[in-house]
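Hello,

Here is the model we talked about. Please look it over; my notes follow below it.

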Number of protein chains: 2
Amino acid sequence: MPADETIQYPIATVDAVILTIEDDQVKVLLHRRDRDPFKGDWALPGGFVHVDEDADAEAAMRRVLAEKVGTNGLYLEQLASYSGPARDPRGWSISITHLALVPRGALEFEGGDVQLAALDALPDLAFDHARIIADARARLVGKGSYSTLPASFLPPEFTLGEMQKAYETVLGTQIDQSSFRRKVADLDLIEETGETRREGRRRPAKLFRLRDGIGTFDRTLATGLG
Amino acid sequence: MPADETIQYPIATVDAVILTIEDDQVKVLLHRRDRDPFKGDWALPGGFVHVDEDADAEAAMRRVLAEKVGTNGLYLEQLASYSGPARDPRGWSISITHLALVPRGALEFEGGDVQLAALDALPDLAFDHARIIADARARLVGKGSYSTLPASFLPPEFTLGEMQKAYETVLGTQIDQSSFRRKVADLDLIEETGETRREGRRRPAKLFRLRDGIGTFDRTLATGLG
DNA sequence: TCAATAGTGTCTGTCAGACATTATTAC
DNA sequence: GTAATAATGTCTGACAGACACTATTGA
């Protein structure tokens, strides 16, 4: 490690892939850039790491998200780092990216410079953000089949039908109702709230919530997905 | 993104967790630091990103490894980033860490400032490298049970007994011989070389190699591990 | 009653784990 | 033969997937 005083440090930024489900599609939150580079283009919400105030990259990410899209307290998971001389025209840069899966209701923003875009219909994106989103999607689908990850898209109270639908949306496949419920019951992931929800002219569904201490843990919820 | 000219960039480094199996134990390659900070302490091999010559963080990692421990052409996987004001006494820093799993025979070094240390018997380590190694270990064990990751520890030709032993070492459990072989056969991961290896007074074992195109892919090789 | 979804019960093929058995070598 | 590991065969319980069936509501 040359403790060389001539070392130049790269630009350090953080970017977030915030995913949610809307209209039975996985969507990503995009932010329109209001300055160069890529002024006017859509991009992941992101910004510089501030070494004078941020405790680490995740803290920088939370600060940026609060400033730009008004979200607070999201569960953030580190995704990967992207680096190189060409990805940012300002110079050799490192972006530390994060992933958040949130229920649609947890996002509040008034159109204009923020939008939710379906993963299958992304606009042109600034920097290498299209690649980052593609990687995030691969992670979501990959982990979706053997973890409780898709449950992160659910609001605090939900029906089993909604839960199954979230898994099907993430995985892009149909899941047998009976198998799904049996597995959920076996894993002891959720508990009844005691309430029901009636919607339209059909049998009302029981409401459930995630049990305490159920984070994202790796147990198969939906296997054999063709 | 304040295109603020007063932004200070953090120190950017790369560090590698190079794991191998020796004496039926998973070991990590450590390098003794020859300068401050932490001069004389054991640390992961690492160094600064050089923005004037590295194409990205992985290229920086390969350059550092070639310089410090003489390894080339390893398969490197990005692990995670670690950042903050306190982890490096030189200032607010980001380390982009990488993971490599290699057969013992692929590592060549003459003692002194490089050693292999068992994960269960690590010396005191510089920076936050103990934490990084703990995270790498968790990843190895976690992915070991549902992927071909442990096969990366095998030399080009190996017996089924060696393959099973590698899995058992990684997972820290016993695997039933019959189940293991059945699964390996079903997944079509390996092929016979046609050679055998005889060792001591017992039946010689057939030698196998990984089939073309078998990288690290996620299929259960050893399930139900207690 | 019908439509629509909620929720349950049952059968079956697959497969992991356990365990027994045979094969092959050096001594 | 004995010791030691290599390699294969067989049984069984668990469980995912398929699918049929019942439950409950509004109209």
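Chain B and chain A bury about 3,200 Å² between them in this predicted model. Carbon and sulfur atoms give 65% of that area. Buried area here is the accessible area, taken with a 1.4 Å probe, that two parts lose on being put together, summed over both. The contact takes 33 residues from chain B and 33 residues from chain A, where contact means heavy atoms within 4.5 Å.

What does the side of chain B that touches chain A consist of? Its residues divide into 19 nonpolar, 8 polar and 6 charged. (Ala, Val, Leu, Ile, Met, Phe, Trp, Tyr, Cys and Pro count as nonpolar; Asp, Glu, Lys and Arg count as charged; the others, Gly among them, count as polar.) The elements of chain B that give two or more residues to this side include strand S1 (11-22), helix H1 (57-69) and strand S6 (93-101). S5(B) gives the most, with 5 residues. Helices (H or I, at least four residues) and strands (E, at least two) are DSSP runs, numbered from the N terminus.

Between chain B and chain A there are 0 salt bridges. A salt bridge is a side-chain nitrogen of Lys or Arg within 4 Å of a carboxyl oxygen of Asp or Glu. Polar contacts do occur: 7 residue pairs, both residues at pLDDT 80 or more. That term means a pair of N or O atoms within 3.5 Å; within protein, one must be able to donate a hydrogen and the other to accept it, and residues adjacent in sequence count only if both atoms are side-chain atoms.

On symmetry: a rotation of 180 degrees, with 0.0 Å of shift along its axis, superposes chain B on chain A at RMSD 0.0 Å. The two copies are thus related as by a two-fold rotation axis. The same surface serves both copies, and 100% of the contact residues of chain B recur in chain A. The superposition is by least squares on the C-alpha atoms of residues with pLDDT of at least 70 in both copies.

Now the domains. Chain A is divided into domain 1 (11-143) and domain 2 (149-210); the bounds come from an automatic or database domain assignment. Their centres, taken over C-alpha atoms, are 28 Å apart. These two domains of chain A bury about 1,000 Å² between them, 77% of it on carbon and sulfur atoms. Ile21(A), Leu101(A) and Pro103(A) supply 43% of the area that domain 1 buries against domain 2, more than any other three residues.

The interface of these two domains has 1 salt bridge. Lys165(A) pairs with Asp24(A) in a salt bridge, with the closest N and O atoms 4.0 Å apart. Asp24(A) sits in the loop between S1 and S2 of chain A. Its phi is near 55 degrees, a positive value in a residue other than glycine.

Two further local points. Glu22(A) forms a salt bridge with Arg104(A), the closest N and O atoms being 2.7 Å apart. Glu22(A) lies in strand S1 and Arg104(A) in the loop between strand S6 (93-101) and strand S7 (114-118) of chain A, so the pair ties together parts that are 82 residues apart in sequence. A cis peptide bond joins Asp36(A) and Pro37(A), with omega about -5 degrees.

Residues are numbered from 1 along each chain as its sequence is written, and chains are lettered from A and ligands numbered from 1 in the order in which they are written. Local features need pLDDT of at least 70, side-chain atom pairs count only at pLDDT 80 or more, and totals for chains, interfaces and linings use all residues, while side-chain values use heavy atoms, with hydrogens and water left out.

Best wishes
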